[in-house]
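Work through these exercises with the structure open. Try each task before you read its solution.

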Amino acid sequence: MPLYRLSSASALLALCVAACADVPRPADTARAATGGTLDRSSAVVGNGATAGPMPVDSTAGTSPQGAVVAQGAAQAAPVGTDTVAPHLIPGRSKMDASSFGATVRAGAKAKWPVAPALLPGALLPQTRIVAYYGNPHSRKMGVLGEYPEQQMLGMLDKTVALWKAADPKTPVIPAIHLVTVVAQGAAGADGMWRRREDSSMIERSYQWAKSRHGILILDIQASHSTLQQELPRLLPFLKRPDVHLGVDPEFYMHYEREGLRPSSKIGTMMASDVNYCIRVLDSLVAANKLPPKIIVVH
């Protein structure tokens with residue numbers, strides 16, 4: 001599958017670990033990443049967003065700053081040590097082994113999660129985000145379209161309550177994750193193989209999130225369009241402090257041959273695409289004095 005390279009050194013290290021190492025048993029990974037016992041209250045799934053109707057006992061995930069819990073790493077190191085014996089996928093180079101070992105040693109010396117100091121107003125990593133995903137116009141894309149509005153919101157309430165009960169130490173934030181640019185099975189008049197959600201549906205989804213004191217995540221499946229074309233029209237919503245961004249490499253077909261139907265193969269997203277989104281959000285935050293934004297790459 002594609003490797004999405006980010007400019008952030010910590011994110012790059014995390015992705016290198018995920019790419020070059022065998023996945024060990026969960027207990028081994030926890031010890032390799034922390035030098036001790038995994039603090040489950042800090043574990044996150046999918047860059048900080050946990051989707052689905054039921055809590056799961058997961059030691060896998062990536063912290064917002066890129067520290068890997070269970071997507072990479074090695075055989076277990078003795079608790080309290082700062083060295084591990086990398087167990088790499090056959091065929092990897094000595095440079096991979098060296099980089100991998102350095103990454104794990106850095107993680108073993110630090111407290112979990114490995115992260116810089118929190119910026120004022122940042123949601124991650126000290127909170128858990130529980131998101132319901134999809135588009136209300138499709139029953140097949142996720143829970144947002146599977147159930148009537150009030151039933152869906154009631155289910156979200158119950159899911160949040162389950163997480164609070166399972167881990168009372170970690171605050172839970174509900175989220176509506178709306179796919180607002182949807183990859184399509186037909187090219188459409190402009191040949192972009194995508195449908196743009198109208199502003200009224202985005203506003204309606206925002207009100208769902210507000211009714212639960214939560215956040216809204218606007219997701220882009222750009223297909224044969226580009227993030228540069230799709231992101232600007234969402235900026236009026238992203239100027240709100242409780243609206244965040246998601247991008248979907250699986251359906252990013254811009255680098256594939258013209259006319260290739262989305263989902264006929266896994267799409268590709270380059271570092272330049274993700275970094276473009278980061279720069280736009282960074283400028284938006286600075287210009288409007290907003291709390292830090294979340295970008296979900298999934």
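This is a predicted model: local features need pLDDT of at least 70, side-chain atom pairs count only at pLDDT 80 or more; totals for chains, interfaces and linings use all residues.

Residues are numbered from 1 along each chain as its sequence is written, and side-chain values use heavy atoms, with hydrogens and water left out.

**Exercise 1.** Decide whether His-244 is buried or exposed, and list what it touches.

*Solution.* Start with the location: His-244 belongs to strand E6, residues 243-247. Strands (E, at least two residues) and helices (H or I, at least four) are DSSP runs, numbered from the N terminus. Next, take the accessibility. Buried means under 20% relative accessible area, exposed over 50%, and partly exposed in between, with a 1.4 Å probe and protein chains only. His-244 has 1% relative accessibility, so it counts as buried. Last, find its contacts (heavy atoms within 4.5 Å). Leaving out residues up to four places away in sequence, His-244 touches Leu-123, Ile-215, Leu-216, Ile-217, Leu-218, Leu-238, Pro-292, Lys-293 and Ile-294.

**Exercise 2.** Explain why strand E5 is largely enclosed, and find the strands it pairs with.

*Solution.* E5 covers residues 215-220. Six of its six residues are buried, so the rest of the structure largely encloses it. Check both faces. Ile-215, Ile-217 and Asp-219 point one way; Leu-216, Leu-218 and Ile-220 point the other, and all are buried. Now look for pairing, which requires that DSSP finds at least two bridges between two strands. E3 (residues 172-183) pairs with E5 in the parallel sense over six bridges. There, His-177 has Ile-217 of E5 as its bridge partner. E5 also pairs with E6 in the parallel sense, over five bridges. Here, Ile-220 has Val-247 of E6 as its bridge partner.

**Exercise 3.** Which residues have the most contacts inside the largest nonpolar core?

*Solution.* A nonpolar core is a set of buried Ala, Val, Leu, Ile, Met, Phe, Trp, Tyr and Cys residues joined through side-chain atoms within 4.5 Å. The largest has 39 residues, and Ile-176 and Leu-216 have the most contacts inside it. H9 gives the most to this core, with seven residues.
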